[in-house]
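Trainee: Could you walk me through this protein, one question at a time?
Mentor: Gladly! Have a look at it here, and then ask away.

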Amino acid sequence: MQISESCKECFRRQAENVLRLAGGGFSEAVELWLSALEHALPKDRPPSFVGRMLQRRVESLTGARDPFRELRRRSNEFALGMLHFFRARLARSDEPIRDALRLAAAANIIDYGAKRDLTLAEARRAVEDALSRPLDGTDEKAACERLARARSVLIVADNAGEIAFDRLLCEFLPVRPVVAVRAAPVLNDAVMEDALHVGLDEVADLTDTGSDLPGVWLPDSSPAFERLFREADVVISKGQGNYEGLSDTPFRGYFLFRVKCEPVAEHAGFPIGTSLLLPARSG
């Protein structure tokens, strides 16, 4: 999926968030940079390229490195506060893999950065509601049977916070999966520090994508990650950023995410707000 004209508003919101977390100031310089970018959008690249360029530009102006670090920590703590409740739910479920997939998709609803006054009770209700709703995009039963037969599973992580629910998914898979995070901090995407914070190392083998893009695009990833990606029996690609970079790439597995914007809705063929378990293109 390549950058479209519709992506510009999202880029501006990202700019506002990065500047706010970096301590403010320099808004005029970033605005000028965004205006110049409009005339030279890298249309042969996924939208994640602009997210990375934007954060690095703000960091160079403000001197603030990893401005999202504290937000990622709070998001992880917030999500960890719900794990005991939902782990118990999965333990009682007749379909624990299915429900763990629904939870992993639903956790994308919990955007602690967008709604900083979100309470545990509100978040629990939102995720619990999603448990009763089938994922769109494919036959859940067939996907769960495929995961149950898999000899190897690779989960490509998305954001901090929701990565805690990826841990629950790992706990209920029949094989110990590999979880890949970003190689360096960018936006609120999960990095190794976040994976360790939520205890993913206890239930999965950890690696990184070899890239600091906020979404996997194989030409920008490491050879080691690409080998894991190509060889896994089943890949679960989490979040919109990974969908944007991998939607045109054939692989064995699924995209697991919530549709949040019109360009992705148009590309995927599902309306905004839909939770998807979408099969990848076949090779």
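Trainee: How far does helix H4 reach from its first C-alpha to its last?
Mentor: Keep in mind that this is a predicted model. Helix H4 covers residues 69-91, which makes 23 residues. At 1.5 Å a residue, the expected span is 33 Å. The model comes close to that, with a reach of 32 Å.

Trainee: Is Asn76 buried or exposed?
Mentor: First find Asn76, which sits in helix H4. Beyond its neighbours up to four places away in sequence, Asn76 touches Ala160, Gly161, Ile163, Asp194, His197 and Val198. Buried means under 20% relative accessible area. Asn76 has a value of 0%, so the answer is buried.

Trainee: How many of the 11 residues of helix H5 are buried?
Mentor: Helix H5 spans residues 96-106. Its buried residues include Ile97, Asp99, Leu101 and Arg102.

Trainee: Let's move to the strands. Which residues point the other way from Val153 and Ile155 in strand E1?
Mentor: In a regular strand, side chains alternate between the two faces of the sheet. Strand E1 covers residues 153-156, and Val153 and Ile155 point one way. All four residues are buried, and those pointing the other way are Leu154 and Val156.

Trainee: Which residue in E4 stands opposite Val156?
Mentor: E1 pairs with strand E4, residues 234-238, in the parallel sense. That pairing runs over 4 bridges. Within E4, the residue opposite Val156 is Ser237.

Trainee: What is the handedness of the crossover from E1 to E2?
Mentor: E1 and strand E2 (residues 178-181) run parallel and are joined by 3 bridges. Val156 stands opposite Ala180 in E2. Between the two strands, the chain crosses through helix H8, residues 163-172. This β-α-β crossover is right-handed.

Trainee: What is the relative accessible area of Val178?
Mentor: Val178 is found in strand E2. Leaving out residues up to four places away in sequence, Val178 touches Val153, Leu154, Ile155, Asp205, Thr207 and Leu228. The cut-off for buried is under 20%. Val178 counts as buried, with a relative accessible area of 19%.

Trainee: How far apart are the C-alpha atoms of Val178 and Thr207?
Mentor: Thr207 is one of the residues that Val178 touches. Along the chain, the two are 29 residues apart.

Trainee: Is Pro279 buried or partly exposed?
Mentor: Pro279 lies in strand E6, residues 275-279. Apart from neighbours within four places in sequence, Pro279 is in contact with Gly137, Thr138, Gly253, Tyr254 and Phe255. With 38% relative accessibility, Pro279 counts as partly exposed.

Conventions:
Residues are numbered from 1 along each chain as its sequence is written. This is a predicted model: local features need pLDDT of at least 70, side-chain atom pairs count only at pLDDT 80 or more; totals for chains, interfaces and linings use all residues. Side-chain values use heavy atoms; hydrogens and water are left out. Buried means under 20% relative accessible area, exposed over 50%, partly exposed in between (1.4 Å probe, protein chains only). Two strands pair if DSSP finds at least two bridges between them. A crossover is right-handed if, with the strands pointing away from the viewer, the path from the first strand over the helix to the second runs clockwise. Contact means heavy atoms within 4.5 Å. The expected span of a helix is 1.5 Å times one less than its number of residues.
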